[in-house]
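Please look through the following notes with the model open beside you. They take up strand pairing first, then a helix, then the nonpolar cores.

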Amino acid sequence: MKQVRPKKNLGQHFLTDLGIAKRIADTVDEPYPALPVLEVGPGMGVMTQFLVEKPRPLKVVEIDRESVAYLKGTLFREDQEATLSSPIIEGDFLRMDLSKVFDGAQFVLTGNYPYDISSQIFFKMLDNRDLIPCCTGMIQHEVAVRMAAKPGNKQYGILSVLIQAWYNVEYLFTVEPSVFNPPPKVQSAVIRMTRNEVQHLGCDEQLFKRVVKTVFNQRRKMLRVSLRQLVKEPFEHPFMTLRPEQLTIAQFVELTNMVEKALCATTNDVCADTMS
């Protein structure tokens with residue numbers, strides 16, 4: 001069957017190395033070997049062919065019609081048993097209601113994610129964290145490093161804090177550009193994120209996001225400066241002389257509670273309205 005043409009507008013870089021494809025597919029085996037799997041952007045199925053072999057339900061979501069046609073003519077032909085357990089969902093992952101994919105059951109998310117929307121994919125994962133206890137896959141190396149970065153590291157930022165608040169992040173291995181068609185201009189990396197034990201942050205979660213984004217948007221400034229965008233009258237605390245990359249997740253939670261208290265003290269409105 002005719003090969004699928006990589007499309008620049010969809011950020012497609014098709015993996016051509018079967019050994020690496022199998023390694024990525026095998027990342028879904030731990031720590032939830034029995035959960036269903038949803039693969040985002042299977043393309044021509046280079047990784048899908050290894051996922052299909054696993055004794056667990058599999059679905060794939062693909063927005064590219066040409067890729068869908070290719071998969072239906074190869075891996076998922078109507079005369080193959082795999083079609084029954086591995087249906088193709090044609091559509092945009094970012095617009096999907098994930099609670100309907102496996103009838104409300106939890107699943108592992110994986111894929112060779114398009115670089116330009118990988119952050120959006122992970123923010124959707126966070127919004128559906130009760131459904132997705134594990135997420136694996138390949139992304140841009142720089143993004144993977146940021147996601148796994150620890151406090152004190154210059155790569156530690158918004159993505160690091162928001163994801164690590166709910167998931168443990170593992171940087172698994174690096175993938176060179178030469179194993180793609182067309183080769184990207186940057187290195188790629190494979191990661192695994194596993195849900196931690198946190199069920200509630202201990203603060204207003206929407207305000208937590210606002211605080212994190214606000215201070216990291218001025219990451220070179222001390223918190224007493226960057227927080228002026230949220231709190232007109234800065235409060236005194238040892239955190240105020242620090243920069244955002246120096247704070248742990250727990251300290252961001254503590255900071256969020258202090259910001260909420262300061263906001264409530266300077267308004268006559270209901271505090272909940274102030275957070276909206």
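1. E62 stands opposite E90 in β4. β3 and β4 run parallel and are joined by 3 bridges; two strands count as paired if DSSP finds at least two bridges between them. Helices (H or I, at least four residues) and strands (E, at least two) are DSSP runs, numbered from the N terminus.

2. This is a predicted model: local features need pLDDT of at least 70, side-chain atom pairs count only at pLDDT 80 or more, and totals for chains, interfaces and linings use all residues. Residues are numbered from 1 along each chain as its sequence is written, and side-chain values use heavy atoms, leaving out hydrogens and water.

3. β3 also pairs with strand β2 (residues 37-40), in the parallel sense, over 4 bridges. Here V37 stands opposite L58 in β3. Of the 5 residues of β3, 4 are buried (under 20% relative accessible area, 1.4 Å probe, protein chains only).

4. Which residues of helix α3 (residues 65-73) are buried? They are S67, V68, Y70 and L71. These residues lie on the same side of α3, because they cover an arc of only 160° around the axis, taken from the directions from the helix axis to the C-beta atoms. They pack against β1 (14-15), β3 (58-62) and β4 (88-90).

5. The largest nonpolar core has 60 residues, and F122 and L255 have the most contacts inside it. Such a core is a set of buried Ala, Val, Leu, Ile, Met, Phe, Trp, Tyr and Cys residues joined through side-chain atoms within 4.5 Å. Helix α10 (residues 249-265) gives the most to this core, with 8 residues. Apart from this core lies another, of 26 residues, including V60 and L71.

Terms used:
Buried means under 20% relative accessible area, exposed over 50%, partly exposed in between (1.4 Å probe, protein chains only). Contact means heavy atoms within 4.5 Å.
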